[in-house]
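Please look over the sequence and the model shown below, and keep both at hand while reading. The paragraphs that follow lead through them step by step.

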Amino acid sequence: MIEKINGLRRRIEEFVPTTASEVEELRIAVLGKNGEINALMEEFRTVAPEMKREVGQALNAVKTLATERIAELKESCGENSKTPSPSAADLTRPGTNDALGSRHPVSVVMGEVCDIFARLGYTIADGPEIEDDWHVFTALNFPPEHPARDMQDTFFIEKNPDILLRTHTSSIQARAMQTQKPPIRVICPGRVFRNEAISARSHCMFHQVEGLYVDKNVSFADLKQSVLYFAKEFFGERAAIRLRPSYFPFTEPSAEVDVSCQLCGGAGCNVCKHTGWLEIMGCGMVDPAVLDACGIDSREYSGFAFGMGIERTAMLKYGIRDIRLLFENDVRFLQQFESA
């Protein structure tokens, strides 16, 4: 076997190629899966124990020699030279027009909403997406038997009833009331999660922007005027709103806010289901129990809160009929917003 190894060594040392393809043929013949080195490795198993040390050293040496020699030959034949010389570059070739990206419609709408409320003096607050039960439910006046606590609505972490993915950004409001003293005026954008079936109108992951204002003598009239200002700034000066009584555990009284349909001018169409109105958010006066739970004296302070789904608002603004388009990253769809 030593003779075979020495013969292979001489062939490698004396090999003089003329093209890069000949070097590649040598590599395959010597170092390939079915090459001579692997064949010698198989034969090494039958070597007598007293010869294994000498044969093993010789075999490793010839493998190292083959690897280094082939690398040198590739370099000498120009195979590793990937960068053309300056003289080889064609300076007359036209340049390539790289496609420019654009902001996602959800990012565009979220930015617009935050900018509008920033003009009213709101600051942006943030909080964790993985939350505890107290900030998501208990502090916001959700009773233990409320259906939102059910596993079908909420993603819990490792089946731990105290740790979950937040179902609304109201948890940020709870943290703001815990850490700040009134007056509090914050806007809370973020991603939320709900264990819902994905369809054209709903998704298990979406974005919200919620607002909170707490101070002395805050009234429902202040809430209505703030929402009206937002609607006119976002949808246009001709936008009108209406408030319908509703129920939320953390606000009392509560209301749903509708805006006049901008596609039909209020006359009625398929998008607004021929009502002339489109729902955009929920709102209400902060329940005194929520203020007290967060350490704010409800006898001295009052406040209002509101919240909207960004995907729903984007669908209304751009006439999008399927929420799944906002999550599929279809370039054909996203290219429509390059000027946004």
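**A walk through the model**

N217 counts as exposed, because its relative accessibility is 71%, where exposed means over 50% relative accessible area, buried under 20%, and partly exposed in between, for a 1.4 Å probe and protein chains only. This residue is found in the loop between β6 (205-215) and α8, and it has a positive phi of about 60° although it is not a glycine. Most residues other than glycine have a negative phi, and most peptide bonds are trans.

The model is a predicted one, in which local features need pLDDT of at least 70 and side-chain atom pairs count only at pLDDT 80 or more, while totals for chains, interfaces and linings use all residues. Residues are numbered from 1 along each chain as its sequence is written, and side-chain values use heavy atoms, with hydrogens and water left out. The pLDDT, which is the predictor's confidence in each residue on a scale from 0 to 100, averages 86 over the chain, and 94% of the residues score at least 70. Confidence is lowest in helix α3 (residues 36-44), with a mean of 82, and highest in strand β1 (residues 123-124), at 96; helices (H or I, at least four residues) and strands (E, at least two) are DSSP runs, numbered from the N terminus.

We now turn to helix α8. Its 16 residues should span 22 Å at 1.5 Å a residue, and its end C-alpha atoms are 22 Å apart, which agrees; the expected span is 1.5 Å times one less than the number of residues. The buried residues of α8 are L223, S226, V227, F230, A231, F234 and F235. Seen down the axis of α8, these buried residues fall within an arc of 135°, so they line one face of the helix, the arc being that of the directions from the helix axis to the C-beta atoms. On the other side of α8, A221 and Q225 are exposed. The buried residues of α8 pack against several elements, among them α5 (105-118), β7 (241-248) and β10 (302-309), where contact means heavy atoms within 4.5 Å.

Which residues of α8 lie four apart, about one turn of the helix? F230 and F234 do, and both lie in α8 (residues 220-235). An α-helix has 3.6 residues a turn, so residues three or four places apart point the same way. The ring centres of F230 and F234 are 5.5 Å apart and their planes are at 20°, so the pair is stacked; rings of Phe, Tyr and Trp (its six-membered ring) pair if their centres lie within 6.5 Å, and planes under 30 degrees apart count as stacked, over 60 as edge-to-face and the rest as tilted. F333 and F337 form an edge-to-face aromatic pair, at 5.2 Å centre to centre and with 65° between the planes. F333 is buried, with a relative accessible area of 8%, and F337 is buried as well, at 7%. F230 and F234 also belong to one aromatic cluster, together with F117, Y122, Y213, F235, F304 and F306.

A cis peptide bond joins P182 and P183, with omega about 5°, and P183 lies in the loop between α7 (170-179) and β5 (184-193). Another cis peptide bond joins E252 and P253, with omega about 0°, and P253 lies in strand β8.
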